[in-house]
Amino acid sequence: MSATSGDDELNLVPFIDLFSVLICFLLMTAVWMNIDSLATNSSQVTSSDQDTPPPTEKPISLSVTIIGNEILMSENENVTKVPLVLDTQGRPQTEKMLEVLAGWRKTYPDKRDVVLNTENRVLYQTMIAVFDTLVGSGWTDVGVSTQ
């Protein structure tokens, strides 16, 4: 006469719940272990990395600004004013601007970026003509900023 008949089933639901929680903790701690190992590797610095002084050259900023009847061509603090003269079809004459751009090209042969600034009153046709002049002169990275 035993107390159990042998047909009793073991309730596995609490074990499944426990294992699912343990798997979540295992996954979360595995991620933290990877981050910790990355932090350990980043602390190794060679002596040659510490001896390199930071670059002291001032970055060069070239910008072209269309304001009213002038085009201001700025090379950091040096500003060259070019009169904005339109031809009979409303396109700006860019000969003087091309001279300044050629000077910039000689001074900075590796530089490709120029910022084009315009007022809201500037005609779209004028802005595009100046943009095309910049790109045609070899300044392939032209950023446009309108105010």
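Reply: Let's go for the core. A nonpolar core is a set of buried Ala, Val, Leu, Ile, Met, Phe, Trp, Tyr and Cys residues joined through side-chain atoms within 4.5 Å. Buried means under 20% relative accessible area, exposed over 50%, and partly exposed in between (1.4 Å probe, protein chains only).

You're looking at a predicted model, where local features need pLDDT of at least 70 and side-chain atom pairs count only at pLDDT 80 or more, while totals for chains, interfaces and linings use all residues. Residues are numbered from 1 along each chain as its sequence is written, and side-chain values use heavy atoms, leaving out hydrogens and water.

First, a bit of orientation. The protein chain has 147 residues, and 23% of them are buried. Four helices and five strands turn up along the protein chain; these are DSSP runs numbered from the N terminus (helices: H or I, at least four residues; strands: E, at least two). Reading from the N terminus, you go through α-α-β-β-β-α-β-α-β.

Now for the core itself. The largest nonpolar core holds 20 residues. Val64, Ile71, Met73, Trp104, Leu116, Val130 and Leu134 are the ones with the most contacts inside this core. Which elements supply two or more residues to it? They are the strands β1 (62–67), β2 (70–75) and β4 (113–118), along with the helices α3 (95–107) and α4 (124–136). The biggest giver is α3, with four residues.

Setting aside residues up to four places away in sequence, valine 64 touches Ile71, Leu72, Met73, Trp104, Val114, Val115, Leu116, Asn117, Val130 and Leu134. A contact here means heavy atoms within 4.5 Å. For the whole protein chain, if you take contacts between residues at least 6 apart in sequence, 61% of them join residues at least 24 apart.

Two strands pair if DSSP finds at least two bridges between them.

On one side, β1 and β2 run antiparallel and are joined by six bridges. Leucine 62, for instance, has glutamate 75 of β2 as its bridge partner. These two strands make a hairpin with two residues between them, and there glycine 68 takes a positive phi near 55 degrees.

The link from β1 to β4 is parallel, with four bridges. Two partners to find in β4 are asparagine 117, which bridges to threonine 65, and threonine 118, which bridges to isoleucine 66. Aspartate 113 is bridged to aspartate 141 of β5.

Back in β2, have a look at serine 74. Is serine 74 buried or exposed? It counts as buried because its relative accessible area is 11%. Apart from its neighbours within four places in sequence, serine 74 is in contact with Ser61, Leu62, Ser63, Val79 and Trp104.

Finally, some charged side chains. Side chains of opposite charge can pair when their charged atoms come close. A salt bridge is counted when a side-chain nitrogen of Lys or Arg lies within 4 Å of a carboxyl oxygen of Asp or Glu, and that rule gives two of them. In one, lysine 111 meets aspartate 113, with 2.9 Å from N to O. Lysine 111 is buried at 16% relative accessible area, whereas aspartate 113 is partly exposed at 37%. In the other, arginine 121 pairs with glutamate 119, and the closest N and O atoms are 2.8 Å apart. Arginine 121 itself counts as exposed, at 65% relative accessibility.
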